[in-house]
Amino acid sequence: MEQQTMTSGRPLGAALKPRQLTMMGLGSAIGAGLFIGSGAGIQAAGPAVLISYLVAGTLIILVMWALGEMAAANPDSGAFSVYTAKAYGPVAGATVGWLWWLQLVVVIAAEALGAAGLLATIFPALPVWLTAFVFIVVLTAVNLTSVKNFGEFEFWFALLKVAAIVGFLLVGAALLFGWLPGVPSPGLANFTGAGFAPSGFAGIATALFVVAFAFGGTEIVSVAAAETAEPARSVKKAVRTVLWRILVFYIGAIFVIAAVVPVGSAGLKSPFAAVLDAAGMPGAATAITLVAVAALLSALNANLYGASRMAYSLAERGEAPRLLASVSKARVPVVAVLASVAFGVVTVVLELAFPEKVLPVLLNIVGSTCLLVWTSALLAQLALRLRADREGMELPLRMPGFPWLTCFGLVILAAIFTVGFIGEDSRPQLLSTFGLVALLAVANWLHHRKGKVSPVVESADSAKQPVLVD
């Protein structure tokens, strides 16, 4: 019989396995942003983008440690939304939760269209609109059956991405060491002299804002932790296993690209393919395109899961319509899944009807959401850890170097926000996201003023029973 985990008093399935959670944490950080978008960072900073990736990678390690500490102590499908509510009140928690949900449902549409568009470059006969809807229908079905099916799909998606990165690193190492027959090594000429940082500190700072978003999605591990059989042990393993691998994969891949593809090269539009072409690998562009499609579908699958669990958590706390807290016999929040995907479907339809007029606007509004979510996670961990230490509470997982490393993470975030507000291209995105946060905060405050919301549930004993649907 499938085990259950109590999520603020509401039973969800607990069928996710530690290996699935670990691979989910690893795979969520390896997405299309790395396979396709990494060239933008190199274009901005040159090989010195490695510094930007080190800083952004350090930030993600700190955020994952903070989320891991809180998730191990209190596994909850609302994750950072619930932790923020416990630390700073229900209005703050609901605002973060709704902000993340909106980001995910918008991105679901972008990922479906993006994956369909990439596949059409290989198979032009495939209609983009039809392929996009097929992707959405199939992955919705996966999410509606059971969390075990979702976890298995994510495991194999992540394994494919990891295998692609490992293969790329092996080819890159052989190319740089001159081990490929008939292919001269490019050496490290791109790293010498002024070529290392052609735009100086300004370029590194600009790239930092760009590359930070490549790590978006790692926070979903804290959401999925609530549906593992042994959350504390699973989270510990996931955090400790994933952290160093993220840096190895990211820094290793970016090092190879920066060494092989010079700044200003057209190859930076598809940097992985450019490296494989330089290595004389046939079909490189097609292979990387297919991996990027898999990365987008993996993100779509994970984001639909995350959006549905956040909607479910908001509903069980009284922050969303009660119907969203309904669970099926398979312990899946089926209404929350359908409501989340419905928003994405409507967005896809509008984007297809009015190309480049709907989705870009929505993505601009929610574009910086991950930065605010990471900020809320660090702030919540700072408050909750201080509270736990004052009360002498034992924690299954303790973030090292507290509180200094938490504060260091907040300093990095402050630097990223500062760079973003200085940049003319990024400033409108940040202002739009902050405007959305203000609207959500006011709406949630008014909601609470009307007395419709009960406090965050602290124990299963005080919670109502879940609604079951067939």
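User: Which helix gives the nonpolar patch its largest share of residues?

Analyst: Happy to start there. In this predicted model, the largest share comes from helix α7 (residues 128-145), with five residues. The patch itself is formed on the surface by V128, W129, L130, V134, V138 and L352, and W129 has its place in helix α7.

User: What makes V128, W129, L130, V134, V138 and L352 a nonpolar patch?

Analyst: Patch members need over 30% relative accessible area and no salt bridge, with nonpolar side chains joined within 5 Å. These six names are grouped as such a patch, and together they have about 490 Å² of accessible area.

User: Why is S52 called buried?

Analyst: Buried means under 20% relative accessible area. S52 has 1% relative accessibility, so S52 counts as buried. This serine lies in helix α4 (residues 49-73). Leaving out residues up to four places away in sequence, S52 touches I204, A207, L208 and V211.

User: And Q429, why is that residue called buried?

Analyst: The cut-off is under 20%, and Q429 has 18% relative accessibility, so Q429 counts as buried too. Q429 lies in helix α18 (residues 427-449). With neighbours within four places in sequence set aside, the contacts of Q429 are F209, F213, N364, G367 and S368.

User: How do you know that E69 and R385 form a salt bridge?

Analyst: A salt bridge needs a side-chain nitrogen of Lys or Arg within 4 Å of a carboxyl oxygen of Asp or Glu. For E69 and R385 the N to O distance is 2.6 Å, and the side chains meet in a salt bridge. Because E69 lies in helix α4 and R385 in helix α16 (residues 369-390), the pair ties together parts that are 316 residues apart in sequence.

User: Are E69 and R385 buried or exposed?

Analyst: Buried. E69 has a relative accessible area of 3%, so E69 is buried. R385, at 7% relative accessibility, counts as buried as well.

User: What makes E227 and R309 a salt bridge?

Analyst: The limit is 4 Å, and the closest N and O atoms of E227 and R309 are 2.7 Å apart. E227 lies in the loop between α10 (220-224) and α11 (231-260), and R309 in helix α13, so this pair ties together parts that are 82 residues apart in sequence. With 0% relative accessibility, E227 counts as buried, and R309 counts as buried at 1%.

User: Why are D389 and R398 called partly exposed?

Analyst: D389 has a relative accessible area of 34%, so D389 is partly exposed. R398 counts as partly exposed at 37% relative accessibility. D389 and R398 also form a salt bridge, with the closest N and O atoms 2.9 Å apart.

User: Which residues are linked in a network of salt bridges?

Analyst: E69, R385, D389 and R398 are linked in that network. The structure holds five salt bridges.

User: How do the axes of helix α8 and helix α13 cross, and which residues make the contact?

Analyst: The axes of helix α8 (residues 147-176) and helix α13 (residues 284-316) come within 10 Å and cross at roughly 145 degrees. The crossing of α8 and α13 is left-handed. On the α8 side, the contact is made by V147, F150, F153, E154, F157, L160, K161 and A164. Residues of α13 in the contact include V291, A294, Y305 and R309. R309 is also the salt-bridge partner of E227.

Key
Residues are numbered from 1 along each chain as its sequence is written. This is a predicted model: local features need pLDDT of at least 70, side-chain atom pairs count only at pLDDT 80 or more; totals for chains, interfaces and linings use all residues. Side-chain values use heavy atoms; hydrogens and water are left out. Patches are made of residues with over 30% relative accessible area and no salt bridge: like charges are joined within 9 Å, nonpolar side chains (Val, Leu, Ile, Met, Phe, Trp, Tyr) within 5 Å. Accessible areas come from the Shrake-Rupley method with a 1.4 Å probe; for residues, only the protein chains shown count as cover. Helices (H or I, at least four residues) and strands (E, at least two) are DSSP runs, numbered from the N terminus. Buried means under 20% relative accessible area, exposed over 50%, partly exposed in between (1.4 Å probe, protein chains only). Contact means heavy atoms within 4.5 Å. Axes are lines fitted to C-alpha atoms, for helices over the stretch in contact, and angles run from 0 to 180 degrees between N-to-C directions. A crossing is left-handed if the near helix is turned anticlockwise from the far one by less than a right angle, and right-handed if clockwise.
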